[in-house]
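User: I would like to go through this structure feature by feature. Please give the general idea each time, then the case at hand.

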Amino acid sequence: MENKKFYPIKRYLEFYNHAISDLESFWEKEAEKIPWFKRWEKGLVWEEPFARWFVGGALNASYACVDVHMHSWRKNKVAIYWEDENGNTKTISYTQLYREVNRFASALKDIGVKKGDIVVLYLPMIPELVISMLATARIGAIHAIVFSGFSSEALADRINDTGAKVLITADFGIRRGKFVPLKEIIDSALKSTPTIEKVVLVKRTQEEINMEEGRDLLYHELLTQAENYTEPESVESSHPLYILYTSGTTGKPKGIVHSTGGYLVYNYATYKWVFDVSDESIYWCTADIGWVTGHSYIVYAPLLHGATIVMYEGAPDYPHLDRWWEIIEKYGVTIFYTSPTALRMFMRHGEEWIKRHDLSSLKILGTVGEPINPEVWEWYYRHIGGERCPIVDTWWQTETGGMMISPAPGLGPVPLKAGSTTLPLPGIDAEVVDDSGNPVATGIKGYLVIKRPWPGMLMGLYHDPVRYKEVYWTKFKGVYYTGDYAIKDEEGYFWLLGRADETLKVAGHRIGTAEVESAVVANAFVAEAAVVGVPDPIKGEAIVIFTILKDGYKPEADVKENIIDSIRKQIGALATPREIYFVEKLPKTRSGKIMRRILKAITQGVPIGDVTTLEDEASVDEIKQLYDEVHSMLKG
Ligand code: ATP
Ligand code: MG
């Protein structure tokens, strides 16, 4: 399993040790790399559990992302290569982006948006989404992006939580060749959102849409009156840049608030360390901007660096399974950042689609969102990276604002291990602890905590300081609780094992869902697996597996036996599953994470709870039906 493919880490260690020994001045040095209107007076003010970074400093996110490039040759550089699933393209230079941001900021001011106002963005992956984010930030307003795949109820819930007056959206989204009627969804959501006064619509199609007199405004019409320049509002470092709701994998989404100064500094630094970005880089992150990965590593970090990004609107497998590889070849992508769930989907369909394309431009591959099983890691390394590109498996959360534990090739080569997120980034004091908060021994599972604040740390949960304290700062005194379960190995490498509240406890042994899932996926015929624990009178909990086979395989007896064998070999007989189900789909969040809490609810016959973040309800019906059938047979 070990993959010592890149050496050595001396430079990283020096850097790391310096950072930890003098945290505040270390981050102040990083802060000097982004443009400020006024220098801060204090690097960090820590009033547990609230951190304020670069206190007294003033800046503007849109200035730091676009204006700053107007003073160098980068003004002519491509900021965004945009492409949709049909091959329509737009190429936007930094000057063009600057102009559009200024003009839309002026339009927003004209309709009454002011510093500190919250503006909800419900937009597909089009350049206007990036422009809206930066325009909002330019005038000191706060954006709250809602992923444009959400239903009208999910949108209404989030609007009502923020109390926003303005919504920016589009007439349609386009996915898998179909128009998604966003305006209809919005009209239905707005029936229950009394605070919204104005809706700005990007008109993408010639289709007719309902326009509500006095409320609905067209983006392009607003721009006809707009000024070419809008003064960027100077905001205090702790001024909120945005609110973003978490994926809701484990329950009701949380409204995470991020600062301007600390967040941008953290994004700037981590992007350089992890992706080793340079002016030659062509960078593509496949996430949707509606998730934190898109906020931090499609928009803010790359633009701060003046990088060239590829932005893609569409599904990974539409119109064909090599759509992504085609794009990498076309633009000569050098840095590619995606999720394990997408990789497992491609793996399921085999390599022939990949072989059709020249992927030799790639230099660094990244992954985020879930633990990546060693088998998937090896597949990625070999078939996408041509055994040439380091894989940066980046562990982080909406709450952390940026990557926390990850290889950092930008700080020198890192020896990699397939399936490990390797080492904490400089300035990140991560530890694995037991129930009493004491560090566990090497190789022992425990809870991942962060012991010191970092600039990307959330400022809190929107208007809910009580929940903020309860969720992150109550389980262990004085340290940030991540809710994830991990192991640190003898070299200090971190292995993420899934969410602590999804952990299995079998005959007194705590087993991470990711451990069992990894053993299942290690079989060449398995595409995906999800594991849950069900109550068992003897063992406390017994293991139930839901799995998807690769194309061309059937759930025959030896398939089951092989799965059980691999679990016994990799973990031990105690993890032998009680039941294995073969399914077509697993319940996932719209960001592609497996929702084990839904599987758990099905196996226990209890209501499945909040499903607003669920991707496809058909997955639940399939599993429920299968599970109930088997169990009624067992009972009968
Ligand atoms: P909620 O908190 O509402 O349940 P969520 O945790 O899925 O939603 P995100 O902030 O999008 O919302 O996801 C962060 C989580 O994703 C981490 O806590 C971790 O469980 C998982 N994760 C992210 N990156 C990795 C990674 N590289 N390896 C393992 N797990 C990861
Ligand atoms: Mg979470």
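User: Is Arg-39 buried, partly exposed or exposed, and what are the limits?

Analyst: Buried means under 20% relative accessible area, exposed over 50%, and partly exposed in between (1.4 Å probe, protein chains only). Arg-39 has 45% relative accessibility, so Arg-39 counts as partly exposed. This is a predicted model, in which local features need pLDDT of at least 70 and side-chain atom pairs count only at pLDDT 80 or more, while totals for chains, interfaces and linings use all residues. Residues are numbered from 1 along each chain as its sequence is written, chains are lettered from A and ligands numbered from 1 in the order in which they are written, and side-chain values use heavy atoms, with hydrogens and water left out.

User: Which side chain does Arg-39 meet in a salt bridge?

Analyst: Side chains of opposite charge can pair when their charged atoms come close. A salt bridge is a side-chain nitrogen of Lys or Arg within 4 Å of a carboxyl oxygen of Asp or Glu. Arg-39 meets Glu-32 in this way, at 3.0 Å from N to O. Glu-32 is partly exposed, at 47% relative accessibility.

User: How many salt bridges does the structure hold?

Analyst: The structure holds 38 salt bridges. One of them joins the side chains of Glu-24 and Lys-42, at 2.7 Å from N to O. That pair links distant parts of the chain, with Glu-24 in helix α2 and Lys-42 in strand β2, 18 residues apart. Helices (H or I, at least four residues) and strands (E, at least two) are DSSP runs, numbered from the N terminus. Glu-24 is partly exposed, with a relative accessible area of 25%, and Lys-42 is partly exposed at 37%.

User: Which residues of α2 are buried, and what do they pack against?

Analyst: In helix α2 (residues 23-31), the buried residues are Leu-23, Phe-26, Trp-27, Glu-28, Glu-30 and Ala-31. They pack against α1 (10-21), β2 (42-47), β3 (50-55) and α9 (261-275), where contact means heavy atoms within 4.5 Å.

User: Where does Glu-85 lie, and what is Glu-85 in contact with?

Analyst: Glu-85 is in the loop between β5 (78-84) and β6 (89-93). With a relative accessible area of 2%, Glu-85 is buried. Leaving aside neighbours within four places in sequence, the contacts of Glu-85 include Arg-175, Tyr-312, Tyr-318 and Arg-323.

User: What separates Arg-323 and Glu-326 along the helix?

Analyst: Because they are 3 residues apart in helix α11 (residues 323-331), about one helical turn separates Glu-326 and Arg-323. Salt bridges that share partners join Glu-83, Arg-323, Glu-326 and Lys-330 into one network. Between the side chains of Glu-326 and Arg-323 the N to O distance is 2.5 Å. Arg-323 counts as buried at 4% relative accessibility, whereas Glu-326 is partly exposed at 26%.

User: How do the axes of α12 and α14 cross?

Analyst: Axes are lines fitted to C-alpha atoms, for helices over the stretch in contact, and angles run from 0 to 180 degrees between N-to-C directions. Angles under 35 degrees count as roughly parallel, over 145 as roughly antiparallel, 65 to 115 as roughly perpendicular and the rest as oblique. The axes of α12 (residues 340-348) and α14 (residues 374-384) come within 10 Å and cross at roughly 75 degrees. The two helices, α12 and α14, are therefore roughly perpendicular to each other.
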